[in-house]
Amino acid sequence: MTKIKSVRTRVWNWKGKTVPPQGNFCTNASDALYDRGDAMGSFRFHQWLTCEVETECGMIGIGNAALAPSLVKLAIDEHYAPMVIGEDPFDYAYLWEKMYRRTHAWGRKGVGMTAISAVDIAIWDLMGKLTNKPVFKLLGGRTKEKIPVYYSKLYADSVEAMQAEAEEAMKNGYQGFKTRFGYGPKDGMKGMRENLKRVEAVREVIGYDTDLMLECYMGWNLDYTKRMLPKLEKFEPRWLEEPVIADDIHGYAELNKGPIPISGGEHEFSLMGFRQLLDLRAISVIQYDTNRVGGITAAQKINALAEAYQVPVIPHAGQMHNYHLTMANVNCPISEYFPVFDVEVGNELFYYIFEGDPDAVDGYLDLDDNKPGLGISISDKYLADFEVTE
């Protein structure tokens with residue numbers, strides 16, 4: 001059996017065209033501070049990390065990470081890569097535990113778990129290529145003919161702009177639409193009215209036969225959310241996403257007792273963390289991202305745990321590492337989908353770095369049974385728009 005020979009990491013720094021920041025386009029955790037300027041700045045990621053795990057036979061598996069790529073690169077190069085070099089990639093469970101337990105003093109969440117994710121995703125891509133099977137086949141196979149997707153953009157803007165965007169997106173048959181709130185506690189009652197005005201405007205366009213998801217991105221607090229929930233109920237949202245900061249799991253639990261389902265988990269990093277959320281009945285939808293929670297190995301464990309609680313898993317941000325898990329798990333009913341767009345927050349970078357991500361057609365996307373691994377490759381099409389750090 002071939003062994004892992006090397007691990008190569010690169011940080012892709014975007015230097016191309018970006019959409020300039022605009023005020024009140026999405027609340028976020030930094031809104032609680034008095035800082036001026038672009039409060040969303042620390043949550044934009046105009047960098048991405050690729051992790052290539054190569055075997056002695058020359059086969060290469062590709063992983064990735066979007067959080068703090070420069071720190072993740074350092075963690076992989078100095079700590080995680082030496083743990084997997086010389087090992088059999090099909091011993092993925094052992095390799096995951098080795099990376100997790102030997103860095104437990106400092107690597108349990110955040111940068112450490114993101115680094116594990118990048119290596120683990122690459123190992124699964126590698127296993128697919130070595131067996132000539134797509135990753136979802138290794139995970140149990142196809143549980144759906146196609147994956148339904150919801151349109152995830154609709155950042156807060158003028159009412160007219162948001163309605164125009166929604167009207168255009170409606171032409172593509174999406175199974176739902178997610179919009180963001182632009183106002184939070186610091187904006188008082190006037191901001192509440194602005195939020196409600198935009199939710200109502202989007203509902204006017206998409207109607208009530210299509211799901212509408214609402215995202216706060218940790219920009220509200222418990223008090224503000226409790227005041228907003230009764231006002232939002234008439235718009236029948238499928239969920240309210242990340243209303244409070246990720247550490248306030250008791251706040252989530254209190255809010256999730258209400259009439260509107262609460263979703264979260266984009267900023268949770270571990271199986272144990274999700275167990276706490278589920279034990280407290282704190283969320284009605286889990287939204288991990290595979291390139292944050294420990295990769296595909298860990299994500300499958302979270303999926304099984306969530307299924308036992310009958311809480312659906314709808315991963316954050318779409319992208320191939322998430323699509324394969326969604327295809328292979330009956331408890332993953334739908335995928336988030338970011339359309340190809342100029343670089344704004346940063347999710348869009350995936351389309352500029354990789355080739356092979358499927359386009360949504362009539363509100364669905366499919367994975368190819370004949371593409372081994374994740375089915376993506378690193379592209380050189382936009383290389384001139386990046387500064388790449390080895």
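Tutor: A salt bridge here is a side-chain nitrogen of Lys or Arg within 4 Å of a carboxyl oxygen of Asp or Glu. The model is predicted, so local features need pLDDT of at least 70 and side-chain atom pairs count only at pLDDT 80 or more, while totals for chains, interfaces and linings use all residues. Residues are numbered from 1 along each chain as its sequence is written, and side-chain values use heavy atoms, with hydrogens and water left out.

Student: Is Arg142 buried or partly exposed?

Tutor: Buried means under 20% relative accessible area and exposed over 50%, with partly exposed in between (1.4 Å probe, protein chains only). Asp369 has 34% relative accessibility and counts as partly exposed. Arg142, at 29%, is likewise partly exposed.

Student: Which residue meets the side chain of Glu52 in a salt bridge?

Tutor: Glu52 belongs to strand S2 (residues 47-55), whereas the partner is 42 residues away in strand S1 (residues 4-14). The N to O distance is 2.8 Å, and the partner is Arg10.

Student: Which helix holds both Asp77 and Lys73?

Tutor: Asp77 and Lys73 form a salt bridge with their closest N and O atoms 3.0 Å apart. Asp77 is partly exposed at 35% relative accessibility, whereas Lys73 is buried at 12%. They are 4 residues apart, and therefore about one helical turn, in helix H1 (residues 69-84).

Student: How many disulfides does the structure hold?

Tutor: A disulfide is a pair of cysteine sulfur atoms within 2.5 Å. The sulfur of Cys51, a buried residue at 0% relative accessibility, is too far for a bond because the closest cysteine sulfur, in Cys57, is 17 Å away. Cys216 is buried, also with a relative accessible area of 0%, and its sulfur is 8.7 Å from the closest cysteine sulfur, in Cys26, too far for a bond. The number of disulfides in the structure is 0.

Terms used: Helices (H or I, at least four residues) and strands (E, at least two) are DSSP runs, numbered from the N terminus.
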